[in-house]
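Open your viewer and switch to a cartoon view. We will go from stop to stop, selecting a few pieces at a time.

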2 protein chains.
Amino acid sequence: MSSCLKTSAGQSRMGECTVVGKLPPELMNIVFRFHGVDDPKVIVGPAIGEDAAVINLDGLYLVVHSDPITEAASRVGWLAVNVAANDVAVTGATPRWASIVILLPENGIGLLRPIVEDIDRAAKELGIAVVGGHTEEAPGVEKPTVIATVMGVTRRYVATSGARPGDVIIMVKHGALEGTAILAYDFEKMLLGRGIEREVIETAKKFLDEISVVKPALLISDITDAMHDPTEGGILGALYEIAHASQTRIAVYKDKVIFRTETLKIAKTLKIDPLKLISSGTLLAAIPPDKVNEALHRLSSRGYPVAVIGKILEKSKSPCVEVYEGKKLVETVKGFVKDELARLWELAKPYPQD
Amino acid sequence: MSSCLKTSAGQSRMGECTVVGKLPPELMNIVFRFHGVDDPKVIVGPAIGEDAAVINLDGLYLVVHSDPITEAASRVGWLAVNVAANDVAVTGATPRWASIVILLPENGIGLLRPIVEDIDRAAKELGIAVVGGHTEEAPGVEKPTVIATVMGVTRRYVATSGARPGDVIIMVKHGALEGTAILAYDFEKMLLGRGIEREVIETAKKFLDEISVVKPALLISDITDAMHDPTEGGILGALYEIAHASQTRIAVYKDKVIFRTETLKIAKTLKIDPLKLISSGTLLAAIPPDKVNEALHRLSSRGYPVAVIGKILEKSKSPCVEVYEGKKLVETVKGFVKDELARLWELAKPYPQD
């Protein structure tokens, strides 16, 4: 349930300008505390850094995750299915079934068809069956909101907390694909004004099509100790969540992280750190040293860009992420990472394109 | 997914005055059509009258249902868990786990604690563990919205479509408990003005505490052909959904239906038919004739009010519900039933209490 950490950075995609603050830790603790009965069948429940719940059905593990997307654009259906499916896949379970709630604004029935078409496309691409849900025009909802609950089962699950000292951290696909696309939509005028070519912006927008990490996650799920799907707070935020969940100290080598040129151009122009930019589309995995070559081979032979970017140093009751540039320690992350998108919106208030 | 049929009658509880129209059949068909891949493991998928999905995990059936509640009041958490749990229980599965998304309006963090306390209370009462979800301040949401996905497993499931000719229809608990409470909240001034005693209204409001049908449903799940949890459209609406799902003709004996005196008083005052009033809190079951006595015994010995109210007449490609008063056929329901609450709000527009 690292999703509880998300700000609306994830919701400010494509034309939205409101950024709402991250839930402070004391409020997260309230949410975690009021959780109904304790059930020993619940192997992974509400916890910081754990994206999906794992329930033991006599040796078969049911994995489930719910995520809302609040959007005006038709991509809301695509995003909802993909984001929730990612969270299921990083436990090693194949996303199979989705229960989907669609809340439309009043008189918003006309918005329904592109949304369900988009859900259908995403579900078909991932092999997911939509098994039910609920659709309504809801009073008090200003724009279409889609809440996807995705489920899958697995005989072996991995949790964010599974990372162990000595594990090598790899990243699969490029960093900040999601954040780059959001910036291309939300800061388009500013980027054009600062000399970014239209072609770069259009390419960046299409990164939204690439936010799934389901396939690469399932390719290596049997040989990883932990996987994670970085969202808000980007790669550094996700690494801190791994450190926190597994109670370890982590080293990351900044120069090894791979980004698309569009991401680097846009980040440089807006003076933001792409390592802290919302990052669906990237997969992080902690892999035992003797399995790293196998993992890299499996992924590269299927065409996935992949890089070794860090390692789990040791167990620690003060979990942290040490960021190295070459051999130089340049930053130590000791808490949850504020997403660069949230910071940008604060700087840009009230509306950057006006 | 009969939930797709719900209007915001279910959302106009306690002080809300907007009523949004039922999704027309052609739009429901769009939702049902765009459902991702076809999966033979999905035994009960999106269909009219089926409240929960049933997925076959090698003989163990996973049952799942998602429902949103859009409310200003703190009871939103209570309602969300109970309404979704009811839909799971009527398949015969014990509701066990919930994934819950809480969307708060901007700067609405202060609203969180009563909501999660309410979720916790409902979950504890039902034996449910909250396994995860997502909480955020969401731009574009005017008031707290809680979306509960409740899951359970069972070795034997019943579907709304399981009703067979000869089955006896029983109702457990009283009709329109939910609708009566909603009217007591939303039409309080009007009811007082028309001479309804304050005590009646306060008693009626408390009916919201009684909307669970989980326990009685599980008491008889092994001896029923079908169960249903009437929501919008009330008991008649639910009977039509059973008729439609099981392709049968149904007879219901109006005089046999049991209501609380508060419901009858309020319905009479507002000139509405309590048979068509949103009705969470009532359980309907279609029971083979040789099991009826056993069902009645199990329920009454646990203190549940119960009544035989109708029967499944025959298979029919033109499913309908024939309503009898004594021996006289007084109405034939051949389509989805508009909830009396929706009709009332339309009459009362713009705002009945102004």
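Start in chain A with M171(A). Which residue stands opposite M171(A) in strand 11 of chain A? Select A307(A): that is the one. Keep in mind that this is a predicted model.

Now widen the selection to the strands around this pair. Strand 7 of chain A covers residues 168-172, and strand 11 of chain A covers residues 306-315. The two run antiparallel and are joined by 5 bridges.

Find A251(A) and look across to strand 11 of chain A: K311(A) stands opposite.

**The open sheet of chain B**

Switch to chain B. In what order do its 6 strands form an open sheet? The order is 1-2-3-6-4-5, with mixed pairing. Colour the edges next: strand 1 (42-44) and strand 5 (129-137) of chain B each pair on one side only. Look along the sheet to see the twist, which averages 20 degrees from one strand to the next.

Zoom in on strand 2 (residues 53-57) and strand 3 (residues 60-70) of chain B. They run antiparallel, joined by 5 bridges. Pick V54(B); its bridge partner in strand 3 of chain B is V63(B).

Helix 2 of chain B, residues 76-89, touches strand 3, strand 4 (94-104) and strand 6 (145-154) of chain B. Its direction makes about 150 degrees with that of strand 3 of chain B. Helix 3 of chain B, residues 112-126, packs on the sheet too, touching strands 4, 5 and 6 of chain B. The direction of helix 3 makes about 170 degrees with that of strand 4 of chain B.

**A helix with a buried side**

Select helix 6 of chain B, residues 198-205. Which of its residues are buried? Among them are V200(B), I201(B), A204(B) and K205(B). These cover an arc of only 135 degrees around the axis, so they lie on the same side of helix 6 of chain B. The buried residues pack against helix 4 (177-186), helix 5 (188-193) and helix 9 (261-270) of chain B.

**Both chains together**

Last, colour the interface. 100% of the interface residues of chain B are also interface residues in chain A, so the copies meet through the same surface.

Note on methods
Residues are numbered from 1 along each chain as its sequence is written. Chains are lettered from A and ligands numbered from 1 in the order in which they are written. This is a predicted model: local features need pLDDT of at least 70, side-chain atom pairs count only at pLDDT 80 or more; totals for chains, interfaces and linings use all residues. Side-chain values use heavy atoms; hydrogens and water are left out. Contact means heavy atoms within 4.5 Å. Two strands pair if DSSP finds at least two bridges between them. Helices (H or I, at least four residues) and strands (E, at least two) are DSSP runs, numbered from the N terminus. Axes are lines fitted to C-alpha atoms, for helices over the stretch in contact, and angles run from 0 to 180 degrees between N-to-C directions. Buried means under 20% relative accessible area, exposed over 50%, partly exposed in between (1.4 Å probe, protein chains only). The arc is that of the directions from the helix axis to the C-beta atoms.
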